[in-house]
Amino acid sequence: MRKPVKQIHLAAHFPGVNNTTVWSDPASGSHIDFSSFVHFAETAERGKFDFMFLAEGLRLREQGGEIYDLDVVGRPDTFTILAALAAVTDRLGLTGTINSTFNEPYEVARQFASLDHLSEGRAAWNVVTSWDAFTGENFRRGGFLAENERYERAEHFLEATHTLFDSWRGDEIVADKDSGVFLSDPAAGAFSYRGAHFDISGRFNVPRSPQGRPVIFQAGDSDHGREFAAAAADAIFSRHGTLADGQAFYADVKGRLAAHGRRPDQLLILPAATFVLGDTDAEAADIAHDVRLAQVSPATAIKFLEQLWNRDLSDHDADGPLPSVDPIVGENTISRGRASVRMHRDPIATANEWRAKAEAENLTTRELIVEVTGRQTFVGSPSTVAETINHLVQADASDGFILVPHVTPGGLDSFVDQVVPLLQERGVFRADYEGTTLRDHLGLAQPVPAVAAAR
Amino acid sequence: MATAPERLHLAVALDGTGWHPASWREPDARPADLLTPRYWTDLVSEAERGLLDFVTIEDGLTLQFDNPLRADERTDRVRGRLDAVLIASRVAPRTSHIGLIPTAITTHTEPFHLSKAIATLDYVSSGRAGVRVQVSGSRDAAAHFGRRTVPDEPKEFADELFTEAADYVEVIRRLWDSWEDDAEIRDVSTGRFIDRTKLHYIDFEGSKFSVKGPSITPRPPQGQPIVAALGHGEAAYRLIASSADVGFVTPHGAAETTAIVDVISAHRAGDAAPAKVFADLVVFLDDTVAGATARRERLDAILGREYISDAEVFVGTPQGLADVLQEWHAAGAAGFRLRPATLPHDLLQITDGLVPELQRRGAFHDAYHAATLRGALDLPRPANRYSNV
C-alpha cells in the first residue's frame, strides 16, 4: 500500500536568550517591546503556522560568577505575553514553556485554563522541569530536587493539573435567568489529588476551557523524558532535526506509544530547526557561514570552551589552538542556569574528540566551536529548503518543525514569504486554517474529562 | 498643570456580572459570556469611552462563595472566573488609555512570578499596568495549594498575612528596579548585550520567602507599575501606607473619609508622597431615584434579603452620586472606585451619566492627558532605587 502523503506542521520559536539569536544584526529589533512579539505572531499566523513557541528561564544565566552578558538577556512573563498575543491573532496556537518545579498545580492550571478561554482554544504547555538550587533562590520553594525525583514530580504535577482541568465537564454553566439556575452541578470543580509531592483538594475555579486541557508538549530527551512523553504528551519539542537522528528518535518514541494504549498519530514529533535562505544554495551557504561567525564571536567561543572545561579560560586566545590543560571533572561550577552544560557527561572524552577534530581539520578554537555547536538545520534556496523539509517529514524523521529564526522580530518573514508558498503548492501544508483551535491544527482529539464524568 | 487639583479620579471595579449577587439575572446581563475575551474587552472599552482612569478586576484562589471564608454549594450564583492578570493582558492591546489593575493574591503565590507578570502587562499596555494585592485567609485556598495550614487564631493570622504582603510588595518593587533603564547596551565592539553592572541582585530575605533576583524581565515602561490595596482596618491601612500607591477604602461619609485618609497619612514614612486614597462605593444608578430604588428592590427580592456590602451603597441618580463624590473628594478622597451593582447597566450609567455630569461641574477630565497610568494619577516616573549605588 502506498504511504499517504503527510501534512507538515510548522511552528515558530520566538528567538531566545542564547547565541543562536544574533542581536548585533542591524535588522535586530527589541526583544522585549510588545511590538516585536506582535510582528512575530502576525507573521506566523500569516504563514498559517500551527503555533508560536516561547521558552522560559527563571534565573539569569551566570558564568564565572557573573551575569552572562554576551547573549540577549531579558524576556517577558510567558502567560502574560501569550494572553496579550491572543488579542492580536485569531488562529495561531500559543505555546508557553512553564516550569513544573517552581509553580503549584492549582495556579498553573487556572492560568492555562484562563489562557485557553481567552484565546478561544489555542493554549499549549511545554512542561519542563528544573531542579537546581541556583534557580530556586528566586522562589519560596527554594531548593533542590534530586534528579531521580524530578520526573516523578513533573509526572505528578501534570496528573494534578489534569485532575483540575477535568474537575469541570464543560456543561455545568446553565446561566438560565428565568429559573435562576446558574450551575447544574453543586459540586462543579470538586477535585482531590494526593501523591508524594502534592496533597491538594477543594474546588477548581476555572470552568472547562475550549480545548478541555492545553495541548501538552514535552522537551526532555532522556529515556525518562521519552517515556513521559509517550505516556502523557501531545507533542515533543525535539532536538533531532537530521534524517538519521530524526528517524531513529521518531521510531523510538512512536514505538513506545502502544504500551500506553495510544496510536502513533496521538503524539507529534516536532524538532527545533534553524534556517538560512538565499536566492541560490551557494548564496545561502555564504550567508549561513557569516551568521555562524556572528553567533560565535571570539568572546562567545571562549565562553563555550569554559562550559566544557569547567574553568576560567578568559586568557585563552580564541584564534589559537584548543587549551592543552584538561577540563575539570565533576560538578560544573563555571556556568549556572544553562541546561546545555549538563549534557557534557564526560568532559575529558569530549575535549579529546574536539582536539582530534581541530588537529585533523586545522581549526582554531573559534572555528572548532563553530563546527561543534552545529550548523543551521536548513540552508539553501527556498525550493531546496521546502524540498528538504518535505523529505524529512515524509521519511518519518519528524511530523514538522519548530523554526527558530536568528533575528528578532523579522527573522521569520522570509520563510513565510518564500518557503511556505512552495509547501502549499506541493499540497503538503495548509493553504488556510481549517479549524479554530490548536488541537484542530495538530489533528488531536478533544480529551474526555474522565474524572468529572464519573461524578 | 495637567490636572487641576479639584478634579477627582474615577475607576470602576469589574467583577463577574456586577457586585449584586442577583446581577446575572438582569435582562442586559451576559452571564454566559463571562469566560469569553469579548465580554471583558467590551466592558473595559466602555470604561475607556467614559475616560475612567482605570479598571480593577477582582480575582481569587477559590470559587466565589457567599461568605468568602466558607465554601458553599449554591447553584444560583455566578461561579467560576478567569485569572485577572491574564484578562487584563488580553484586553490591553484592544485599549489604549485606560489603566489596568488586576487583583493578585499574595498568600500562596510567588512574588518573582507576579513581578514579571505585571512588568509584562506594563509592556503590552505601554505603561498602563498596576496590581491590586490581596491576602487570602481562606482554608479552602490553602487546601488548593497544600503547603500551609490556616491557624485557628484569625487575628494573628491576619497580621502574618499583611506582614507577608508588605514583604511581597517589597520584592516585586525591587525586582522591577533590578534592571536599570539603560542596562541594555548592545555594544557590538565588546560583544556585550547588557552592561551587567546595571543589573542588581535584590537579596531579599524575609520570614516567608527569600528572593535573589534580578528579574528576568527588564524594568517596565512605568519603572514602577501602580500597586494598590483595599483596606478596612489598621493592618491594611499600614500596608497601604507602607507599600501602595493607591489605597481603596470603604468610608460611609465625608467625616469618615477624612479620618481614614489621616490614619493612612500618619502611617506613611515622612519622605514618601501620600498614597492616593480612593473611596469604594457600590452603585445602583438610574435616571430617577425611584427607578434606581426599584432596581435595587427587584434584585434584593431575587436575593431574598437586603444586599449589604463593606462599602457604602449608593442608590440614586448620577447627579446625586456626583454630589456625594464631590463632598467626599473635598473631605480628602483623591478618587473613587465604583462597584457597579449590575453590568453593563451601572457602568453605562457611569459613562453616560456620571462622567458628563462631573465634567459639566469641572470635576472630571475631558480627555486622557497622560500616556501612562502613573501619569493619569499625577505620579512621576520614579528614579531607580539601585541607580548610583
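I count two residues as in contact if their C-beta atoms, placed from the backbone, lie within 7 Å. Helices (H or I, at least four residues) and strands (E, at least two) are DSSP runs, numbered from the N terminus.

A note on the source: this is a predicted model, where local features need pLDDT of at least 70, side-chain atom pairs count only at pLDDT 80 or more, and totals for chains, interfaces and linings use all residues. Residues are numbered from 1 along each chain as its sequence is written, with chains lettered from A and ligands numbered from 1 in the order in which they are written.

**Helix H9(B)**

I looked up its span next: residues 318-330 make 13 residues, and the helix reaches 18 Å from first C-alpha to last, close to the 18 Å expected at 1.5 Å a residue (1.5 Å times one less than the number of residues). Which residues of H9(B) are buried? I found B:Pro318, B:Leu321, B:Ala322, B:Leu325, B:Trp328 and B:His329. They sit on the same side of H9(B) because they cover an arc of only 135° around the axis, taken from the directions from the helix axis to the C-beta atoms. Buried means 20 or more other C-beta atoms within 10 Å of a residue's own, with C-beta atoms placed from the backbone. Just after the helix, I noted B:Gly332 with a positive phi of about 125°.

**Where A meets B**

I then turned to the interface, where 64 residues of chain A are in contact with 58 residues of chain B. H3(A) gives the largest share of chain A's side, eight residues. By class, that side has 35 nonpolar, 15 polar and 14 charged residues; Ala, Val, Leu, Ile, Met, Phe, Trp, Tyr, Cys and Pro count as nonpolar, Asp, Glu, Lys and Arg as charged, and the others, Gly among them, as polar.

**Cores**

I checked the largest nonpolar core, which has 230 residues; A:Met52, A:Leu403 and B:Val55 touch the most other members. Such a core is a set of buried Ala, Val, Leu, Ile, Met, Phe, Trp, Tyr and Cys residues joined through C-beta atoms within 7 Å. Helix H5 (residues 154-177) of chain B gives the most to this core, with ten residues. Leaving aside neighbours within four places in sequence, I saw that the contacts of B:Val55 include B:Ala11, B:Leu14 and B:Ile98.

Terms used:
Buried ≥ 20, exposed ≤ 12 C-beta atoms within 10 Å, placed from the backbone.
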